Amino acid sequence: MLKREVQPSVVTYNSLIGFLCRKGDVDKAKGLLEDMIKKGKYLNAVTYALLMEGLCSIGEYKEAKKVMFDMEYRGCKPTVNFGVLISDLGKRGKIEEAQSLLSEMKKGWFEPDVVIYNILVNYLCKEGKVAKAYKVLTEMQIRGCQPNAATYRMMVDGFCLSGDFEGGMKVLTAMLNGKHCPRLETFCCLVSGLMKYGKIDDACFVLEEMKKREMRVDLNAWETLVRDTCGDEAASKLLTELISVIQ
């Protein structure tokens with residue numbers, strides 16, 4: 001390309017930096033970024049994010065953070081790049097540090113978007129810290145950032161995994177009001193938990209929502225689920241009620 005006097009674009013550089021980082025050749029990727037700076041090339045947020053991801057992948061979190069500060073110094077807005085660091089902290093179980101970084105982001109007048117919030121919600125739910133994840137959900141709405149389908153799904157799944165099916169119902173209702181649709185697995189998990197705790201009316205509500213969305217219900221699977229959850233004595237009456245809802 002250079003022999004033909006064709007100058008590589010930022011897209012070309014980004015592709016090479018991404019390729020080198022995936023191979024683990026982070027030093028070469030850093031060299032390319034420095035070459036771009038020397039040649040006066042425009043570096044965008046993706047350029048920095050790719051290098052930061054490469055650095056994080058080899059355990060160089062502090063170096064990745066320095067890269068982000070450098071991009072801010074050079075006038076490149078680092079909103080996406082905060083997500084790279086928050087995700088890395090989440091993967092390593094450093095949730096409190098991830099939350100602190102989010103606070104640092106807001107203090108620097110960079111408003112987190114739904115992607116940034118979702119990263120934090122995801123790792124909080126995986127760590128079983130659903131109450132804290134719900135606080136993040138509330139905070140983002142207060143700050144004018146609307147949750148998307150992924151936000152709600154992670155929250156419902158998080159509540160179900162922690163055994164808080166009433167909390168799951170609350171988020172499901174908000175999700176449906178926002179015209180978002182849960183996954184089939186989320187619906188089934190919620191119905192199972194609600195039946196286990198005797199919340200039959202709520203379970204029927206969820207089944208009705210599944211029916212509205214034409215989600216396929218395996219009646220044999222539901223019969224096994226109801227019998228396992230409620231015992232044979234109560235199962236027949238309950239099955240009749242549930243089947244009347246979904247047929």
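Predicted model: local features only at pLDDT ≥ 70, side-chain atom pairs only at ≥ 80, totals over all residues.

Colleague: In which helix of the chain is confidence lowest?

Modeller: The mean pLDDT of the chain, where pLDDT is the predictor's confidence in each residue from 0 to 100, is 85, and 85% of the residues reach 70 or more. Confidence is highest in helix 7 (residues 114-126), at a mean of 95. At the other end, with a mean of 57, the lowest confidence is found in helix 14 (residues 232-246).

Colleague: How many helices and how many strands does the chain have?

Modeller: Both kinds of element are DSSP runs numbered from the N terminus, with helices (H or I) needing at least four residues and strands (E) at least two. Read from the N terminus, the elements run α-α-α-α-α-α-α-α-α-α-α-α-α-α. The secondary structure therefore comes, by that definition, to 14 helices and 0 strands.

Colleague: What percentage of the residues of the chain count as buried?

Modeller: A residue is called buried under 20% relative accessible area, exposed over 50%, and partly exposed in between, using a 1.4 Å probe and protein chains only. Applied to the 247 residues of the chain, this gives a buried share of 45%.

Colleague: Which residues of helix 1 are buried, and on how wide an arc do they lie?

Modeller: Helix 1 (residues 10-23) has 14 residues and reaches 20 Å from its first C-alpha to its last, close to the 20 Å expected at 1.5 Å a residue, the expected span being 1.5 Å times one less than the number of residues. Its buried residues are Y13, N14, I17, G18, L20 and C21. They lie on the same side of helix 1, because the arc they cover around the axis, taken from the directions from the helix axis to the C-beta atoms, is only 165 degrees.

Colleague: Which helices are among those that cover the buried residues of helix 1?

Modeller: On the other side of helix 1, V11, R22 and K23 are exposed, and after the helix comes G24, with a positive phi near 90 degrees. The cover over the buried residues of helix 1 includes helix 2 (26-38) and helix 3 (45-57).

Colleague: Which residues does T79 touch?

Modeller: T79 is found in helix 5 (residues 79-91), and its relative accessible area of 13% makes it buried. Contact means heavy atoms within 4.5 Å. Not counting residues up to four places away in sequence, T79 touches M105, F110, E111, D113 and I116.

Colleague: How many residues apart in sequence are the parts that the pair of F82 and F110 ties together?

Modeller: Rings of Phe, Tyr and Trp (its six-membered ring) pair if their centres lie within 6.5 Å, and planes under 30 degrees apart count as stacked, over 60 as edge-to-face and the rest as tilted. The structure holds 2 aromatic pairs, and one of them is the tilted pair of F82 and F110, at 6.2 Å centre to centre and 45 degrees between the planes. Both F82 and F110 are buried. F82 lies in helix 5 and F110 in the loop between helix 6 (95-107) and helix 7, so the parts tied together are apart in sequence by 28 residues.

Colleague: Is K179 buried or exposed?

Modeller: K179 is found in the loop between helix 10 (165-177) and helix 11, and its phi is positive, near 65 degrees, in a residue other than glycine. Most residues other than glycine have a negative phi. With a relative accessible area of 76%, K179 is exposed.

Note on methods: Residues numbered from 1 in each chain as written. Heavy atoms only, no water.
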